[in-house]
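Take a look at it first, and then we'll go through its parts one by one.

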Amino acid sequence: MKMLTREAAEVRTAEGVQPSRMWFSDLIFEAFAGIFARPGRMFMTILGTMIGLTALVATLGLSRTANAQIISRFDELAATEITVSSRPAGEGQPANELPWDASERIHRLNGVVAVGTLSAVDVKDALVSASPFVEPGHRSEFKLPVEAASPELFTAVRARVRSGRLPDEGHSQRADKVAVLGPNAAEQLGINGVANLESISIGDEVFLVIGILEGVERKHTLLSSVIIPEGTARDLYGLRAPQSVIMETDVGATPLLSRQVAHALRPDAPLGLKVTSPQQPQPVRSGVQSDLEVLFLMLGGLSLIVGAIGIANVTLVAVMERVGEIGLRRALGATRRHIASQFLLESATLGLVSGVLGACVGMLIVVAVAAYQTWTPVMDPMVPILAPLIGGLTGLLAGFYPALRAARLEPVDALRAGM
Amino acid sequence: MTRPIVALAEVGRTFGSIAPVVALREVDLEVDVGEWVAVVGASGSGKTTLLNIIGCLDRPTTGSYRLDGMDVADLSDPQRAGLRSRDFGFIFQSFHLLSYRTVLESVMLAEVYRRRPRAGRRDRALAALEAVGLEGRDEFLPTQLSGGQRQRVAIARALVNGPRLLLCDEPTGNLDSISAKGILELIRGLHSQGLTIMMITHDPGVAAWAQRKVTIADGQLQG
């Protein structure tokens, strides 16, 4: 062999001696070979970190998915509705009544589309009946809610008419005894249309049915109600003031309007009114959700730390087991730095692998939960990219102490340990 | 006259500072290029310490070690590692093969710390395996080999970088007599090709194969 016959020595100087060096690709290969030599152990080692990262990825993904779901459900209809009602007054205080000109007052505000007033009418125990005759054995009288509505209320609740017409301001001013039936109420009373000038009686009062509703988008209680004009209710049943104001606003106008309406309606006692808009419960819900999210993120972080300790532990055990290998590598020319780099890279790779697996399992969980709930899975694209990076960093930190221990070994002692 | 490859002058090595153990005392030894020297001694005589110092795995406490006339004490740790990767080949009693690497990978491992190009590494390793008589076994794991074959793998690994000095620590200590003879014949072949060899052993029969024999006892060279 040619390589054995090197002739002796030119004069050597200390400066002329090259230090030991290695290719980075070789370092990577050695680290990978070290890990994948024991795949079973590798998997057990990364399990803790993997679970931690799975929890983090799944938590972030699921909260994103759930939030997207809430936003899409938060539709335009709910977002443009404000209801105002009066709070019960304290003892000896004047009642917090809504004014009769509520619609006019609110129409002065910007962003209002339609306003109506709606009140439940106290008809005592009067029953509603469509037939003037009482047939024995056949029930013709029903306990139905009677509501008094201003003409514009039907616009505000987006009522659709199946038959007939809706009452106007004239009906109210003249206190005409006319009524509009919700579809369920009409069915119960056996009234199909207004063509035959059907009438109903509420107690002893007879009302002409001028219209039957097809449906409403808001205030679904109207579907089974008898609706009479406000003037009529005032005249016949002594309605003292409207009980609630229902308004439809422009999109995005609700937050501002809900702060203004109480002042517009009762500048003297705005606090006596209760303004309900769909925005109010929203922050509460997201508050609860972010608490849960923080809890899960903390659990994920904790699991990550436990996982890091696991990696550190197993890497340390591996260093102790591989003392002979370290000695051999030193004899083959590895410096302390080479040894430390290899073990650092091994633990960082373990962390990286656990990050990749954790991101995969986490995303699978998000997709599975979304599929089960028929949601659209939403994920920040940075999450699956960051998870392996965080895993790698965790592994790197975990490998620091074992790598230091490995590098500190004296080659002579390491070789004595045998393989 | 040529300069000796190894020149030890009054080399001493003491372990521990609280209860010091003297492993070597005032050792003077010169090894010339192309020599085959056997250091014979009982266990605990300091012969392994001597080999470790020559192989730059350990530093002497006192005295000086010149390699090719250069004082090794002047070198940094990475430079000494560089010497180990290029100038020395090590053979150990228990072979020191990585159990999870194939024969070929074990031999290729020696080039990793020399920054030799990956291209051709496989061929060089195969050539070294052929030189020790292990052609066709390159994909075997160490556990599938006999003791003698494992030591041949270790020798191939030591040779692949073209060392100037082969350091053998009880190369036949774990082998039966037939395998041992095969290994010694292999070493003799290497020596005949001009390789400088330093071998430590407790067995005078093994030492008899060497060109020159030195005896060590209680950390001191005899005669």
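In chain B, four strands make up an open sheet, arranged in the order 2-1-4-5, with antiparallel pairing. Strand 2 (21-31) and strand 5 (70-71) of chain B sit at the edges with a single partner strand each, so one side of each has no neighbour in the sheet. Bear in mind that what you're looking at is a predicted model.

Further in, strand 1 (residues 6-15) and strand 4 (residues 62-67) of chain B run antiparallel and are joined by five bridges.

Strand 6 of chain B pairs with strand 7 (residues 165-169) of chain B in the parallel sense, over four bridges. Within that pair, B:G89 stands opposite B:L166 in strand 7 of chain B.

Chain A has strand pairs worth a look too. Strand 2 (residues 112-120) of chain A runs antiparallel to strand 11 (residues 244-249) of chain A, and six bridges join them. There, A:V115 stands opposite A:M247 in strand 11 of chain A. Strand 2 of chain A also pairs with strand 5 (residues 146-149) of chain A, again in the antiparallel sense, over three bridges. The bridge partner of A:A120 in strand 5 of chain A is A:E147.

Here are those strand pairs side by side:

| Strand pair | Sense | Bridges |
|---|---|---|
| Strand 1 and strand 4 of chain B | antiparallel | five bridges |
| Strand 6 and strand 7 of chain B | parallel | four bridges |
| Strand 2 and strand 11 of chain A | antiparallel | six bridges |
| Strand 2 and strand 5 of chain A | antiparallel | three bridges |

Is B:I200 buried or exposed? B:I200 counts as buried, because it has 28 C-beta neighbours inside 10 Å. Leaving out residues up to four places away in sequence, B:I200 touches B:V39, B:K47, B:T48, B:L51, B:D169 and B:E170. Take B:D169 from that list: it is 31 residues away from B:I200 along the chain, yet their C-alpha atoms are separated by 5.3 Å.

Among the residues that B:I200 touches are B:K47, B:T48 and B:L51, and these also turn up among the buried residues of helix 1 of chain B. Helix 1 (residues 47-54) of chain B is mostly covered, with eight of its eight residues buried. Just after helix 1 of chain B comes B:C56, which takes a positive phi of about 60 degrees.

Helix 4 (residues 121-131) of chain B has B:A125, B:A128, B:L129 and B:A131 as buried residues. Those residues cover an arc of only 160 degrees around the axis, which puts them on the same side of helix 4 of chain B. Helix 3 (103-112) and helix 5 (147-159) of chain B are included in what covers them. After helix 4 of chain B comes B:G133, with a positive phi near 80 degrees.

As for chain A as a whole, it has 15 helices and twelve strands. Of its 419 residues, 42% count as buried. Among the contacts in chain A with a separation of 6 or more, 84% come from residues 24 or more positions apart.

Finally, where do the chains meet? The contact takes 39 residues from chain A and 43 residues from chain B. On the chain A side, helix 1 (24-36), helix 11 (323-331), helix 12 (336-372) and helix 15 (411-416) each supply at least two residues. Helix 11 of chain A gives the largest share of that side, five residues. The chain A residues that touch chain B divide into 21 nonpolar, ten polar and eight charged.

Conventions. Residues are numbered from 1 along each chain as its sequence is written. Chains are lettered from A and ligands numbered from 1 in the order in which they are written. This is a predicted model: local features need pLDDT of at least 70, side-chain atom pairs count only at pLDDT 80 or more; totals for chains, interfaces and linings use all residues. Two strands pair if DSSP finds at least two bridges between them. A residue is buried if 20 or more other C-beta atoms lie within 10 Å of its own, exposed if 12 or fewer, and partly exposed in between; C-beta atoms are placed from the backbone. Two residues are in contact if their C-beta atoms, placed from the backbone, lie within 7 Å. Ala, Val, Leu, Ile, Met, Phe, Trp, Tyr, Cys and Pro count as nonpolar, Asp, Glu, Lys and Arg as charged, and the others, Gly among them, as polar. The arc is that of the directions from the helix axis to the C-beta atoms.
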